[in-house]
Amino acid sequence: MAEITHIVPVGHTSEKLIQGIRRFPVSKVILLLGDNPNLSGEPEAVKTSEEIVEALTGFAEVEKIEVSKEDVYTAALKIIDIVKKENTAGKKVMINVSGSMRTLGIACYIAACLTKTEIYATLSKYEKGRVIGVEKTYSLPLFSFKELPKERMEILTALNKGEAASVEELIKRMKPSLDEASKEYKSERSRLSYHLKSLREEGLIETEKEGKNIRLRISQKGRITSEKDM
């Protein structure tokens, strides 16, 4: 049986998170904390993480990783990288979204959908208006993101390697054998311009005019979308 790593965004209620984790097999727990210590509530989250570490000592390996709690896309990319690393190490990954800010929960869900990682939450158990643990856990269904046409995925993949100073540079990157004086080159330029317009309208790439050229770069949303073909 594969070892299981739980990725857990940390909020302010340690017992709920601990009980949720203990309801599943677990060999490692990765606690997600904010990368901005001045963010409201972050000192409480750090304190919660210390309580979780203490409770899980001798039960599972625990690692803390800082992510953005204010930028959903940046956080999602970081979580995707964590999932990939754990999968590469031969571990199954589960994500517990019972705690922390909703923005981080959304980032976790995006990462789960794109990496097809099991994600779960817990229903709190209350006593005298105070959370004392977990009533039950439940898995969240994964949303299937819309497939982009192959041509647009190829453009995103090319831009994922670095921004292009112009459409011409992008053509050289994607089809280096094309002669700039050929009809095929002109046809390729028209084809790319068509797809680039759509990608920009969907927020998957960003463009910036520099003299006669248009600088092209993949957006964070586009970078996440390109992970679908990981």
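A crossing of two helices is right-handed if the near helix is turned clockwise from the far one by less than a right angle, and left-handed if anticlockwise. Helices (H or I, at least four residues) and strands (E, at least two) are DSSP runs, numbered from the N terminus. This is a predicted model, in which local features need pLDDT of at least 70 and side-chain atom pairs count only at pLDDT 80 or more, while totals for chains, interfaces and linings use all residues. Residues are numbered from 1 along each chain as its sequence is written, and side-chain values use heavy atoms, with hydrogens and water left out.

**View 1. Helix α3 crosses helix α4.** Here you can follow α3 (residues 72-88) and α4 (residues 102-115), whose axes come within 8 Å and cross at roughly 45°. Axes are lines fitted to C-alpha atoms, for helices over the stretch in contact, and angles run from 0 to 180 degrees between N-to-C directions. That angle makes α3 oblique to α4 (under 35 degrees counts as roughly parallel, over 145 as roughly antiparallel, 65 to 115 as roughly perpendicular and the rest as oblique). The crossing of α3 with α4 is right-handed. Ala, Val, Leu, Ile, Met, Phe, Trp, Tyr, Cys and Pro count as nonpolar, Asp, Glu, Lys and Arg as charged, and the others, Gly among them, as polar.

**View 2. Helix α5 meets helix α6.** The axes of these two helices come within 10 Å and cross at roughly 100°, so α5 and α6 are roughly perpendicular to each other. Look for E154, I155, A158 and L159 of α5, which meet L170, R173 and M174 of α6. This contact of α5 with α6 divides into 5 nonpolar, no polar and 2 charged residues.

**View 3. The buried face of helix α6.** In α6 (residues 167-174), V167, L170 and I171 are buried (under 20% relative accessible area, with exposed over 50% and partly exposed in between, for a 1.4 Å probe and protein chains only). Seen down the axis of α6, these buried residues fall within an arc of 100°, so they line one face of the helix. The arc is that of the directions from the helix axis to the C-beta atoms. The buried residues of α6 pack against α5 (150-159), α7 (183-201) and β8 (213-218).

**View 4. I52 and its surroundings.** Find I52 in helix α2 (residues 42-56). I52 counts as buried because its relative accessibility is 0%. Leaving aside residues up to four places away in sequence, I52 touches S14, L17, I18 and L31.

How values were computed
Contact = heavy atoms within 4.5 Å.
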